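Colleague: I would like to learn how features of a model such as this one are read, going from the general idea to the particular case. Could we take them one by one?

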Amino acid sequence: MKKTKIVLSIVLVSMIIIVGYSAKFCYDHQIFADVESSLNKITLFKNLSNSKIFDNSNKEIGELFDRYQIHTPVDKIPKKIIETLLAVEDKNFYEHQGFDLKAIFRVGVGFLKHGKATHGASTITQQLVRKFCLTRKKVLVRKLREIYLSYKLEKKISKKKILELYLNNMFFGDGSYGIAAASRRYFNKNLTEVSLNEISLMIGLLQSPSRYNPKKNLKAAKTRQWKVLQAMARNGVIQKQSMKKIYHQKLNFKKFNHRDRVFAPYFVDYIGAKLKTILGEKYDPSQGIKVYTTLDRSSQLQVQKAIDSHKKRIHDLQKLNQRFLPKKDKLDLEISFLVTNPKTGQILAMQGGKSYRKSQFNRVWQAKRSPGSLIKPAVYLNALESGMNWYDSMFISPLRYETYRPKNSTESFMTESTLMRSFYLSLNTPTVEITKKLGLEKVLERFKSLGIQSPMKKELGSALGGSEVTMLDMARMYASIANLGVRKNIYAIRKITNMKGDIIYQHKVKTSKVIEEDYAHMIIDGMRKVMTYGTAKKASGHSKYFVGKTGTSNNGIDNWFCGFSPNLLAMTWVGSDNYLPLQLKFGGHKLALPIWMDFIHSMKNVIKPEKYVLPEHFNKIKINPKHGYISDEGVEVAFLKGAEPTQEKKDSSFRSISQKGDYRGIFY
Amino acid sequence: MVSFINIFFLLVMISTPSFAVSKNKWTTDKCKMVFNYVKKPYLKLYKHLLIEKRKKIHPRYKKLLKSNKNLCNDPKSRKDLRLFLEEILAMRNNHVGLMSQLGGDTNTPAHNVYSSMSSYFQNNNPKVKFNVLDTGYDFSSFLRQLALAVLVLDVNYIVLGPGKYSIHQAKKILHQLRLPTFVLSNDNGGFQSKFSFQVFPNLDQMTKTLLIELELQKKYRLSLVSSRLSSIFMQSLKNNLKYFPKLSVVSEHEFNPDEYQSMDKTVRSLLKLNPEDQPIEYKKLALLESNNTKAKTFDAAFQLEAIKEFDVVVFPGNFKNLKHFTRTLKYFRSGPVQIVGSQKWRSKELVNPLPKILENSYFVDYVGYYNMLPKNISDYQLDQKDHSFVGASDVSNIDFKLIGTRAAEIISQATNLQSSSRTIKVGLIHKMSHSKSNFFKAGRVFSENRKSNWPAFMFKLTDKKLNLFRIR
């Protein structure tokens, strides 16, 4: 008896020592510390999902994400998936309280037998705790804490929630997080569409997503799948006899390229950038926000079609020009295109380059390029506002201001030209003279007020488009004119909702009057002449509804065209990213204009263009384009009543010269 | 064989009163010779006269055309014939015939001359019977109308209006007719007869006036810049340079007014901005250019300093070419350049605004302020504030109205000269002095070479204005 008491005492003391030692061990290693804050990472976890972007008819056009993830509530996850998961990873899931003692025991026995762990004993809860709260380091302390936290977690949230968190956040390889994302990326299927074959393969990946990645190592993946199928059969998820049949079913892997799934990738990138601006630090693409944009699917398709149809022509011109360049300069002509509705300010289509796959650089808003003559409407508008008239005649001669010597593209000197003719032929020297007359500061200020946000150089060359701007800058300026002086901020995002559907951002239309309507009509009239008599004469067929302006920077480095009607503005640019000159003089009218024309032609069936109607207080009078006097054979120009030219042809000395060869030439 | 000189003297004799006292010399041979010579042009005209008009020939000419040289054989008939020929060659009336290509348009130089002459005679000398004859555009048509004027209308003063008459074809018959003829054109077609007078702005006078001014202002070294459109002015200027030994032409440049490159070349050459003109400087700059990274925009010739070896540039081109010229000078950094020119400068377009380089430049014109013009011309609506300019179409109208008015003034004055002899009459006309006129102040009407002494006006350019500073 005494002996028994002694033994019991020893055991008791030993247990006290063990318990004490264990308690000390746990205390020292903080196994029970910060439980609440650790579990909060799981209990307070917000569901993650890719953000989705929709066009103006609310159809999805693309997604934004940091990691590819499609949140699916557990109720919507097919039962077979859950059953498979449990069969493989945690068959006692619904019975244990976070950890499975039997499984731990089995592992212990296996360890004693074989000297190593033959299989895992982690429950789904433990795996979840490990993913969110711990590291994957195999040490006793981590394991003890994992068990403890799992136990605690099961007290806090339901088994259902644990399953939902698990199936939506575990890594399945190939960049996909969650079973829905994996299903999309491996098989391009929704969860409701996946087969047992596919389910078994995907669940098998959980053990080691990289090692079993079927796209990289199908044999390993299939071996793993077989084990999954065995587990499924063991646990009654499938019948044993159907195992082989399922195993041998063909797996149709789909190549997943996110870009291919995006309808307008340049636009989607732009939206991503705009979201950062609008939401600031709150922006997280994995929060499953929904972004409703202004993109018009038909317009975008026509833009792409127009660019595609000109790729060969541009490529041929590129080859032709390459001959004139040093070998080190590789000419690669790019194209960008932007379509907006000036009435609303909405961006309808955006193409930042020839091919998104080849280059993701968005030339619509990321590239700063010289606009060339595309900026001239702002100068001439300023001139008209300052009291100059379309019929004012100027002598076109070479100019020099200190070291600056602007040239006309056609070298057409020794002639005269009205402001109107100088505008529609896009002559440089009169534009510089006008700027000089108006004052450079004033002109630059006007650029700014018309919507050009890029900083402009304080030099006369800026009036000829010497300062670099973005296509969006130009679109803002042109939209102000197109909307008869009422500037509506250009925008692409209508509204943003969170995952629950609450609106977190709604675009507010901001309007400001930047041009008097009469002057807008006058500059529009000038731009119509560009298309009927000037540098865009080629597009005269569209001049009934559209007006426009070409732009070419020095040596044809940048080639632009912008044309608009009251409800449609389209702008295109052609040039190289490395600013190489085009030795053959193509200009905006030969490179950019044909693309624009094709687009507009195809758009007639998509958006019915509206016409500009001159108010009644305007008079149309024909003037001689060189000298500005009234002439029946001249160019018809819209003038405000009371501000029409008064000089008849008989009063003009120029007229005498052009008729008789010389003025007062009686001594011939 | 009777020489042309002999006939001339005979004609002079019979058309002068002194001939009466030398009747002994009127031999049969001489009679025949003179008769043939006098009849010949009338016969030629008769052949060109329309058949229906032939009945209306003046009886005097009917008689002449019917007469035969054999009348000279009989002494009495010969005497009568002499008196008849005297009558044919006399100034008998104040009938004036304006020969002009009128056409359909009323706003032509010819119509302006016609209307101004008609108006002048109506208001100032109603005794003059003024006839206008549309000559059409070919020589036979001209002869037909001349026949009508002489044989039917019996005109004593012929006026050749502005236009292309082929005067060189008509000059022979006009001389044979021995009628005072007034050519209202700069080109008299070599019609140098003592019976011909040119009534037109006098280019020689203008260029001389300009040269006088240059000499006065000590602008001795001249560079001439012209185009084909001002070659006549330049030729006149060069011809007159011989009267101004102090003045010399240092360079001549011609440009094509339709081509910028030629103007560019002209100015480079004028300012010696060429590698050939400044080889050393050019080489230095070219070397700099080759080292310059912005070589594409570097133009060595452009960087040369302008060399001006002239005191003045004579630029008689029109205001438009002048503006391009001054702008090109500015482009090439010419600095101040004294430029002078011709009437072609006058235009509002030149002075509004006036290129700075032209401040105080001057030009010569044949019209002064428009409010100085004779009354019937200055009916135009002139800007009350500025009498320098009129509308462009009015410029041409006024010029030719002024010419027409001037011709009418001279003819009117000539009709008052008392002489029935054509030879004496033309002599008197040649020596005639200006009657009172606002425009034509004093001195003889015609110069020695029978060109009208037309005043030349010197204008100076200031901003938006022309300042008349000299009249010669």
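Modeller: Domain bounds are taken from an automatic or database domain assignment, and for chain B that assignment gives domain 1 (4-88), domain 2 (95-202 + 390-457) and domain 3 (203-388 + 458-471). This is a predicted model, in which local features need pLDDT of at least 70 and side-chain atom pairs count only at pLDDT 80 or more, whereas totals for chains, interfaces and linings use all residues. Residues are numbered from 1 along each chain as its sequence is written, and chains are lettered from A and ligands numbered from 1 in the order in which they are written.

Colleague: How many residues does the contact take from domain 1 and from domain 2 of chain B?

Modeller: Two residues are in contact if their C-beta atoms, placed from the backbone, lie within 7 Å; the contact takes 18 residues from domain 1 of chain B and 17 residues from domain 2 of chain B. On the side of domain 1 that touches domain 2, the largest share, seven residues, comes from helix 2 (residues 28-48) of chain B, where helices (H or I, at least four residues) and strands (E, at least two) are DSSP runs numbered from the N terminus. That side of domain 1 divides into 10 nonpolar, four polar and four charged residues, with Ala, Val, Leu, Ile, Met, Phe, Trp, Tyr, Cys and Pro counted as nonpolar, Asp, Glu, Lys and Arg as charged, and the others, Gly among them, as polar.

Colleague: And what does the contact between chain A and chain B take from each chain?

Modeller: It takes 25 residues from chain A and 29 residues from chain B. Helix 22 (residues 653-660) of chain A gives the largest share of chain A's side, five residues, and the residues of that side comprise 11 nonpolar, six polar and eight charged.

Colleague: At what angle do helix 6 and helix 16 of chain B cross?

Modeller: Axes are lines fitted to C-alpha atoms, for helices over the stretch in contact, and angles run from 0 to 180 degrees between N-to-C directions. The axes of helix 6 (residues 109-124) and helix 16 (residues 392-415) of chain B come within 7 Å and cross at roughly 40°. The two helices are therefore oblique to each other, since angles under 35 degrees count as roughly parallel, over 145 as roughly antiparallel, 65 to 115 as roughly perpendicular and the rest as oblique. By class, their contact has 10 nonpolar, eight polar and two charged residues.

Colleague: Which residue of chain A has a positive phi although it is not a glycine, and is A:Met414 buried or exposed?

Modeller: A residue is buried if 20 or more other C-beta atoms lie within 10 Å of its own, exposed if 12 or fewer, and partly exposed in between, with C-beta atoms placed from the backbone. A:Met414 has a positive phi of about 60° and lies in the loop between strand 8 (393-396) and strand 9 (415-418) of chain A; A:Met414 is buried, with 26 other C-beta atoms within 10 Å. In chain B, phi of B:Lys218 is near 60°, again a positive value in a residue other than glycine, but B:Lys218 is exposed, with 9 other C-beta atoms within 10 Å.

Colleague: Where is the cis peptide bond in chain B?

Modeller: A cis peptide bond joins B:Asn352 and B:Pro353, with omega about 0°, and B:Pro353 is placed in the loop between helix 15 (348-351) and strand 10 (362-365) of chain B.
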